[in-house]
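Colleague: I'm new to this one. Can you walk me through what we have here?

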Amino acid sequence: MKIKLEKLSELPDAIHKNNIEVGKVVEGELLSEPKVGELFWVGSWYRTSTVKEIIDEHTFKTCNSIYRWTPIN
């Protein structure tokens, strides 16, 4: 399934501050849904830092940021 991943916000206690700008969007294949303790990959070329919390079905928190992923039809 193809998805869009958007950075919604940066955490105040981010490990790597200002690494990726808020609002950045990438598109690619969903390899697997986010899982706590793992990196989240979009295709084989883009990844987030380690997932720390699942907020809802399509939103999650990493070491640095909050992201939302949505399917693309």
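Predicted model: local features only at pLDDT ≥ 70, side-chain atom pairs only at ≥ 80, totals over all residues.

Colleague: Okay. How many helices and strands are in the chain?

Modeller: The chain has zero helices and seven strands. From the N terminus on, the order reads β-β-β-β-β-β-β.

Colleague: And what radius of gyration does the chain have?

Modeller: The chain has 11 Å. A compact globule with 73 residues would be near 11 Å, so the chain agrees with that.

Colleague: What box do the C-alpha atoms fill?

Modeller: Roughly 35 × 20 × 20 Å, along the principal axes.

Colleague: Switching topic. What share of the residues in the chain is buried?

Modeller: Buried residues come to 37% of the 73.

Colleague: How about contacts? What share comes from residues 24 or more positions apart?

Modeller: Such pairs give 41%, counting contacts in the chain with a separation of 6 or more.

Colleague: Which residues make the nonpolar surface patch?

Modeller: Leu31, Leu39 and Trp41 make it. The patch covers about 270 Å².

Colleague: Where does Trp41 lie?

Modeller: Trp41 is in strand 3, which spans residues 41-42.

Colleague: Why is Trp41 called partly exposed?

Modeller: Because its relative accessible area is 33%. Partly exposed runs between the buried cut-off, under 20%, and the exposed one, over 50%.

Methods:
Residues numbered from 1 in each chain as written. Heavy atoms only, no water. Patch = residues over 30% accessible without salt bridge, like charges linked within 9 Å, V, L, I, M, F, W, Y side chains within 5 Å. Areas by Shrake-Rupley, 256 points an atom, 1.4 Å probe, with all protein chains shown as cover. Salt bridge = Lys/Arg side-chain N within 4 Å of Asp/Glu carboxyl O. Helix = DSSP H or I, 4+ residues; strand = E, 2+ residues; numbered from the N terminus. Buried < 20%, exposed > 50% of the residue type's maximum accessible area, 1.4 Å probe, protein only. Rg over C-alpha atoms; globule rule 2.2 N^0.38 Å. Contact = heavy atoms within 4.5 Å.
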